[in-house]
Amino acid sequence: MECAYYRESLCRSCTNIETPYPAQLAAKQADARRLLAAYPHLTWLEPVASDEAHFRNKAKLVVGGSAQNPSLGIVDYRSGRATDLSECSLYIEPIERAIPVLHELIQRADLTPYDIPARRGELKNILVTASETGELMVRFVLRSKKLLVPIRRQLGWLQERLPKLAVLSVNLLREHVALIEGDEEIILTDRQTLPMRVNGMSLHLRPQSFFQTNTQIAQAMYAQGREWVGQVQPRTLWDLYCGVGGFALHAAQVMHGEVTGIEISAEAIRSAQRTVAEQGLEGVKFAAGDATEFAVNAREIPEMLVVNPPRRGIGERLCAWVEG
């Protein structure tokens, strides 16, 4: 993929951009084979390829500059220097269309960006998630509630400019830390969830719920998981780190046993439970809790286990439990 930001050394986030995409897929496949070399009788499927550009359904935009001349992109946290990535070609079209409107909103509402070196200002980040239907969830990450009223006043204008805006919220990140968001969320719209349509099923995202950033790949993963579950027909299945329930919900469509999803985020669990009700699925339950504690303290083990952990991995305790 050709990228002017990378070519001009303004952004180096896509570290493999100079490697042809087929070579990247081959390298990933080789890594997986190496890690599972102790199991020589595995059947390997071809990797699922994504579009090389315009595939990300979520943008994490660090706000820099000034209220009248803001930048939306990334910041070097060592220097505090902001780089505008408003035309990054990774985002899907609804996000691309939304970014100029958000840029204008900052100016209209006089939303002062947070100055990292000086530790002054209010608006830290803007998080935008888009569904395949073009609906949007927009979240303003603020240092305090100081800008809450100006943002609320612009809600009508923003809805006119972004007719498919489903959810607008303010997230509070009061501390001076290198995080994207805080724990406190204030939703400003009547709707509180963004439906992500996946394989004919709506997975409802709340502001702090996690969802795969590539919807195309998410659909392929969930469909493949459902196919395997249908072939094995386990009596019990656990989906640990289940998020909004993608694997568990797909499994419940094809099996007659019990499906359990465990996720630390209570918001994600509420989203999964909503989908269960909408789909009329039976034998599936979700609970908010620590996946490791749930597994190692359980009296029985499932016949099938799905684990899709965050980037940090599952940890030594859970790894030992799985292997044992």
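Which residue in β11 does tryptophan 238 stand opposite?

Tutor: This is a predicted model, in which local features need pLDDT of at least 70 and side-chain atom pairs count only at pLDDT 80 or more, while totals for chains, interfaces and linings use all residues. Residues are numbered from 1 along each chain as its sequence is written, and side-chain values use heavy atoms, with hydrogens and water left out.

Tryptophan 238 faces threonine 260 in β11. The surrounding arrangement begins with strand β10, residues 236-240, which pairs with strand β11, residues 258-263, in the parallel sense over five bridges. Strands here are DSSP runs of E with at least two residues, and helices are runs of H or I with at least four, numbered from the N terminus. Two strands count as paired if DSSP finds at least two bridges between them.

These two strands belong to an open sheet of four, ordered β12-β11-β10-β13, with parallel pairing. The edges are taken by β12 (284-288) and β13 (304-307); each has a single partner strand, so one side of each lacks a neighbour in the sheet. On average, neighbouring strands of this sheet are turned by 15° against each other, direction ignored. Axes are lines fitted to C-alpha atoms, for helices over the stretch in contact, and angles run from 0 to 180 degrees between N-to-C directions. Contact means heavy atoms within 4.5 Å.

Finally, a helix accompanies part of this sheet: α8, residues 266-279, lies across β11 and β12. Its direction is at about 165° to β12.
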